[in-house]
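Student: I've just opened this one and I'd like to know where the labels come from. Can we go through it together?

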Amino acid sequence: MKKYRIIVVENDEDEQFFMREGFKTADLFKLVEMFKNDDILLEWLEAHRNHLPDIILSDLNMPGKNV
């Protein structure tokens with residue numbers, strides 16, 4: 001079965017832990033990276049244009065980003 005490559009953008013450490021464990025348990029995803037904000041994500045995407053993930057899961061309520 002194909003494992004989908006996923007990147008998670010989440011600033012809360014508890015949420016990061018629960019998502020990491022959930023993805024590991026489900027065994028359907030390969031967690032490529034986990035970032036604390038979208039600025040770091042954008043830098044990573046720029047540097048890895050040839051190895052983009054299948055899915056990006058992003059927190060909608062990040063300090064300084066939501067209006």
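Student: What share of the contacts between residues at least 6 apart join residues at least 24 apart in sequence?

Tutor: That share is 72% in the protein chain, where contact means heavy atoms within 4.5 Å. Keep in mind that this is a predicted model, where local features need pLDDT of at least 70 and side-chain atom pairs count only at pLDDT 80 or more, while totals for chains, interfaces and linings use all residues. Residues are numbered from 1 along each chain as its sequence is written, and side-chain values use heavy atoms, with hydrogens and water left out.

Student: Which pattern does the protein chain follow along the sequence?

Tutor: Reading along gives β-α-β-α-β, made of two helices and three strands. Those are DSSP runs numbered from the N terminus: H or I of at least four residues for helices, E of at least two for strands.

Student: Why is Gln16 called buried?

Tutor: Buried means under 20% relative accessible area, exposed means over 50%, and partly exposed is in between, using a 1.4 Å probe and protein chains only. Gln16 has 8% relative accessibility, so Gln16 counts as buried. Gln16 sits in helix α1, residues 13-26. Leaving aside neighbours within four places in sequence, Gln16 is in contact with Glu10, Asn11, Met34, Phe35 and Lys36.

Student: How many residues does the largest nonpolar core have, and what makes a set of residues a core?

Tutor: A nonpolar core is a set of buried Ala, Val, Leu, Ile, Met, Phe, Trp, Tyr and Cys residues joined through side-chain atoms within 4.5 Å. The largest has eight: Ile7, Val9, Val32, Phe35, Leu41, Trp44, Leu45 and Met62. Two or more residues come from each of β1 (4-9), β2 and α2 (38-47), and α2 gives the largest share, three residues. Apart from this core lies another, of five residues, including Ile6, Val8, Phe23 and Met34.

Student: How do you know that Trp44 belongs among the buried residues?

Tutor: Trp44 has a relative accessible area of 11%, so Trp44 falls on the buried side. Not counting residues up to four places away in sequence, Trp44 touches Ile7, Val32, Glu33, Phe35, His51 and Pro53.

Student: What makes Lys3 and Asp27 a salt bridge?

Tutor: The rule asks for a side-chain nitrogen of Lys or Arg within 4 Å of a carboxyl oxygen of Asp or Glu. For Lys3 and Asp27, the N to O distance is 2.7 Å, one of four salt bridges by this rule. Lys3 lies in the segment before β1 and Asp27 in the loop between α1 and β2, so the pair ties together parts 24 residues apart in sequence. Lys3 is partly exposed at 42%, and so is Asp27 at 44%.

Student: How far apart are the closest N and O atoms of Glu13 and Lys36?

Tutor: They are 3.1 Å apart, and the two residues form a salt bridge. Glu13 is exposed at 55%, whereas Lys36 is partly exposed at 41%.

Student: Why is Arg49 called exposed?

Tutor: Arg49 has 56% relative accessibility, so Arg49 counts as exposed. The side chains of Arg49 and Glu46 also meet in a salt bridge, 2.6 Å from N to O.
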